[in-house]
Amino acid sequence: MTTDAMQSRVLEPTETPSRVDASSFPIPVISEEDGILTLHFQSEYVQSQMVSERPDFLALTYTRTMMAFELFKPHPHNIALIGLGGGSLAKWCYRWHPDAMLTVVEINPHVISLRDRFHIPEEDPRFQILCEDGAKFVAMHSDELDVLLVDAFDVDNLPEDLCSEHFYDNCYRALARHGLLVVNLCAADDHRVFARILRSFGGQAVTSPDNDGNTVVFACKGKLLWPEGASADFLKMKRIEFEKKYGLSKAMSPVG
């Protein structure tokens, strides 16, 4: 893809960073143990982790499951990611999908300010980070995204604006033909949230539970991207196929 073509596909922000009041957001904390950087918000929930000597490594299993989207959409042109965290997903997409436009939306400016600590690339014609509300961003776009990744949490839960049925309706509209939504869930009512996704996507969604307590949901618009009736075991095998492709060793257990 040429630079001109990339620039033409940049997704416009729905609000300017100056409208974001930094004082209203929690300040993240970084801890380091045995060469592992952990991002959290003074709670037991790990937001993101990075191996210092391997900043592009997908340390947590659920991130590998999410990035295995490429086995269903191998050549995306336009990727959007709601939630930056420590940048694991952003760094992977930037490195391994060089022909794709990548837009990351993060509402908390304090999280964005830590980008250098987590070796997140500088912005360029194919990569940008927007400081704004992810729900509003999704609502302002339609028929544009090949892949939409949602991995956003507040201090200890999923923000309601990012797990409502209205939000998932907007996700469906934001996707291009045969687009793919990938969502990381980690909540007590995962089954209720999944039911909302099913309704928004006309039943075209499957789940892949993780041993660390996460559930990754794949939902597609248009043509079904996996065999009808695909199970969690099928998606687990897809993740293993993805790991073998990139020579990824066994994921570490989260450090608290």
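Reader: Is lysine 221 buried or exposed?
Author: Lysine 221 is buried, at a relative accessible area of 11%. Buried here means under 20% relative accessible area, exposed over 50% and partly exposed in between, with a 1.4 Å probe and protein chains only. This is a predicted model, where local features need pLDDT of at least 70, side-chain atom pairs count only at pLDDT 80 or more, and totals for chains, interfaces and linings use all residues. Residues are numbered from 1 along each chain as its sequence is written, and side-chain values use heavy atoms, with hydrogens and water left out.

Reader: What does lysine 221 form a salt bridge with?
Author: Aspartate 143, with the closest N and O atoms 3.0 Å apart. Aspartate 143 is in the loop between helix H5 (134–139) and strand S7 (145–150), while lysine 221 is in the loop between strand S10 (215–220) and H8, so the pair links distant parts of the chain, 78 residues apart. A salt bridge is a side-chain nitrogen of Lys or Arg within 4 Å of a carboxyl oxygen of Asp or Glu. Helices (H or I, at least four residues) and strands (E, at least two) are DSSP runs, numbered from the N terminus.

Reader: And aspartate 143, buried or exposed?
Author: Aspartate 143 counts as exposed, at 53% relative accessibility.

Reader: How many salt bridges does the structure hold?
Author: 8. One of them joins the side chains of arginine 64 and glutamate 243, at 3.5 Å, N to O. Arginine 64 lies in helix H2 and glutamate 243 in helix H8 (residues 232–246), so this pair ties together parts that are 179 residues apart in sequence.

Reader: What are the relative accessible areas there?
Author: Arginine 64 is buried at 0%, and glutamate 243 is buried at 12%.

Reader: Which residues are linked in a network of salt bridges?
Author: Arg64, Arg239 and Glu243.

Reader: Where is arginine 196 found, and what does it touch?
Author: Arginine 196 is in helix H7 (residues 190–200). Leaving out residues up to four places away in sequence, arginine 196 touches Glu160, Cys163, Ser164, Glu165 and Tyr168. Contact means heavy atoms within 4.5 Å.
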